[in-house]
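Welcome, and thanks for taking a look at this protein with us. Please have the sequence and the 3D view open side by side as you read.

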Amino acid sequence: MEGKIVKSQEEYTLDGSVDCNGRPAIRSRTGSWGAGILLLVNQGLATLAFFGVGVNLVLYLTRVMGQDNASAANNVSKWTGTVYLFSLLGAFLSDSYWGRYKTCAIFQAIFVIGLVSLSLTSYLFLVKPSGCGDEATQCGAHSATHLSLFYVSIYLIALGNGGYQPTIATFGADQFDEEHPKESHSKVAFFSYFYLALNLGSLFSNTVLGYYEDKGIWAVGFWSSAGSATVALILFLLGTPIYRHVTPKGNPFSRFCQVMIAASRKWEVEVPSNDDLLYEVKGGGGDNLADNGGRKILHTHGFIFLDRAAVVTHRDHTVEVKTSGAHNNPWRLCSVTQVEEVKCILRLLPIWLCTILYSVVFTQMTSLFVEQGAAMKTTTAGGFHIPPASMSSFDILSVASFIFLSRRVIFPAVAGLRKSGVGPTELERMGAGLVIAAAAMISAGVVEHFRLRSVDSDGEGGMSIFWQVPQYVLIGASEVFMYVGQLEFFNGQAPDGLKSFGSALSMTSISLGNYVSSLIVTIVMKVSASDEMPGWIPRNLNDGHLDRFYYLLAALTAADFGVYVLCARWYKYTRFEERGSRGKNTSHFIV
């Protein structure tokens, strides 16, 4: 009996994860919700810190730095885009060399340094004279040195947060063994709670910190952000003994290039009809792992040209003099798993491209929704003023509600209606997110249509800003289906050596959505403007037709949904070989 208890306590994880000392991770001592909750709190605090700067950065640039509206908006767009570009850097370092833990720790430290630097620079040099920076009082001119300190600070923040975000999501997922029945379900739930933590952190920033910064009390906002990021880093480091780690798998770009070059060299070689004749690394002792230590990927049909890289020819074997034994030249012969890694990325790209237009819709919440709200009645019966930007709180509350509704009600209900007993897949949920996003744009268009009709001869509108609530709620619901499904899908389908890259795809989708949104607005204004008409989105919305722009986005999203359905039907899921299973003992066919 005592032996059985000890055995239970010493059960190792099945996914190959290790502890902080590099030893196989013991299930009862590492990972699971103990580490997961710590990382969720870390994510909430880090998001609070980031949006404590980002939510009112445009106001800081105009009121404190003295920039005009156009320059400030342009600089914020560049800064935001840079954040998401840095996510690719963090994902690359995490997957290839540093591992998730080290990448998270280093980039969070950079994040804290940037926030402390911004707080000190603002307090000592920029917010001068004291009390400036509110809506009524502009700050004085600044020297080149002070400006340099400011830009170094905010781009350190961009580097730290950008490199950290995609890695922390993947690192959190690593805490759950997907090959264990109970923990595999917890891993799926983690992504929902991760997105919830992100939204709760931004809720505090958009309301409390945003209020103080709007009043010109920038020190409170920035120092609160710095303090929040510092606490997040400390909590992250305190969890070091209980984390599970996945070892980095090496540079994925070299593996990608090897497949392309090897396939190109064999463009005349015929691919055998029997999959077992393609080259694959043989596992030793039943440890059926790929050459980079990840799980093997089963062969799929499609992109047949790439399969030539795994066809063995007489010229594919070279003998290394410095080592004993024969080695394959990776630029001539690649394993099936390596070929399938490239196929996997190529199959993910069309799905990812279809999510960019969704991000165009999502970005309207922080731009045109706010401008639309500013043109509506923003005072209550008691005379209380409602800031238009604060309406995004309904989006966050919608996200929180639909995360619990989807997991407790919607998904089980769908599973009950199906013979398979399986809930909606990630691809189905992402498609539902596109449909709901189109509905949000129709809702916004209808509200704008009636708002324009309510404007009197004096240019005053009598429509309450609370009519915007449905469009914010619909956007929040669409996020749960799209962005949470996107995180699960890319993390689950990406090869073992590209998990953080999968999470980074979600962030770059948002980045490109911002740029595409700006492009669409520019095109619409050029086409719709004339001598008699200032365009659909003029400075004074009462003179334009913002409703038509919303309907245009709804139509584009509907068209994107049609393309997405075709891509989803074409997509072939990545199938991984189980760890510890013995591969077939087959001979490779030599051409």
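Please keep in mind that the model is predicted.

**How α15 and α16 pack**

- Two packed helices are described by the angle between their axes and by the distance between those axes.
- On the α15 side, the contact is made by Tyr 483, Gln 486, Leu 487, Phe 490, Asn 491 and Gly 492.
- On the α16 side, the contact is made by Lys 499, Gly 502, Ser 503, Leu 505, Ser 506, Ser 509 and Ile 510.

**Aromatic rings**

- Tyr 60 belongs to helix α3 (residues 57-63) and Phe 222 to helix α8 (residues 218-238), so the pair ties together parts that are 162 residues apart in sequence.
- Tyr 60 counts as buried, because its relative accessibility is 0%, and Phe 222 counts as buried at 3% relative accessibility.
- Phe 411 and Phe 481 make an edge-to-face pair, with 6.3 Å from centre to centre and 75° between the planes.
- Phe 411 sits in helix α13 (residues 392-417) and Phe 481 in helix α15, so this pair ties together parts that are 70 residues apart in sequence.
- Phe 411 counts as buried at 14% relative accessibility, and Phe 481 counts as buried at 10%.
- Ring pairs also link a cluster made of Trp 33, Phe 176, Phe 190, Phe 191, Tyr 193, Phe 194 and Phe 404.
- A charge meets a ring at Tyr 123: the charged end of Lys 128 sits over that ring, 6.0 Å from its centre.

**Positive phi angles**

- Most residues other than glycine have a negative phi.
- Ser 32 is not a glycine, yet its phi is positive, near 55°.
- Ser 32 lies in helix α2 (residues 32-54) and counts as partly exposed, because its relative accessibility is 23%.
- Phe 303 is not a glycine either, and it has a positive phi of about 50°.
- Phe 303 is found in the loop between α9 (252-265) and α10 (304-307), and counts as partly exposed at 31% relative accessibility.

- Ile 436 is found in helix α14 (residues 426-454). With a relative accessible area of 19%, Ile 436 is under the 20% cut-off and therefore counts as buried.
- Which residues does Ile 436 contact, leaving aside its neighbours within four places in sequence? Ile 436 is in contact with Leu 474, Ala 477, Ser 478 and Phe 481.
- Ile 436 and Glu 479 are 43 residues apart in sequence, and their C-alpha atoms are 9.1 Å apart in space.
- Gly 431 is found in helix α14 and is buried, with a relative accessible area of 5%.
- Leaving aside neighbours within four places in sequence, Gly 431 is in contact with Phe 561 and Tyr 564.
- Gly 431 and Leu 505 are 74 residues apart along the chain, and 17 Å separates their C-alpha atoms.
- Gly 250 is placed in the loop between α8 and α9 and is partly exposed, with a relative accessible area of 24%.
- Leaving aside neighbours within four places in sequence, Gly 250 is in contact with Asp 95 and Ser 96.
- Gly 250 and Tyr 97 are 153 residues apart along the chain, while their C-alpha atoms are separated by 6.1 Å.

Technical notes. Residues numbered from 1 in each chain as written. Predicted model: local features only at pLDDT ≥ 70, side-chain atom pairs only at ≥ 80, totals over all residues. Heavy atoms only, no water. Contact = heavy atoms within 4.5 Å. Helix = DSSP H or I, 4+ residues; strand = E, 2+ residues; numbered from the N terminus. Buried < 20%, exposed > 50% of the residue type's maximum accessible area, 1.4 Å probe, protein only. Phe/Tyr/Trp six-rings, centres within 6.5 Å; stacked < 30°, edge-to-face > 60°. Lys NZ or Arg CZ within 6 Å of the ring centre and 35° of its normal.
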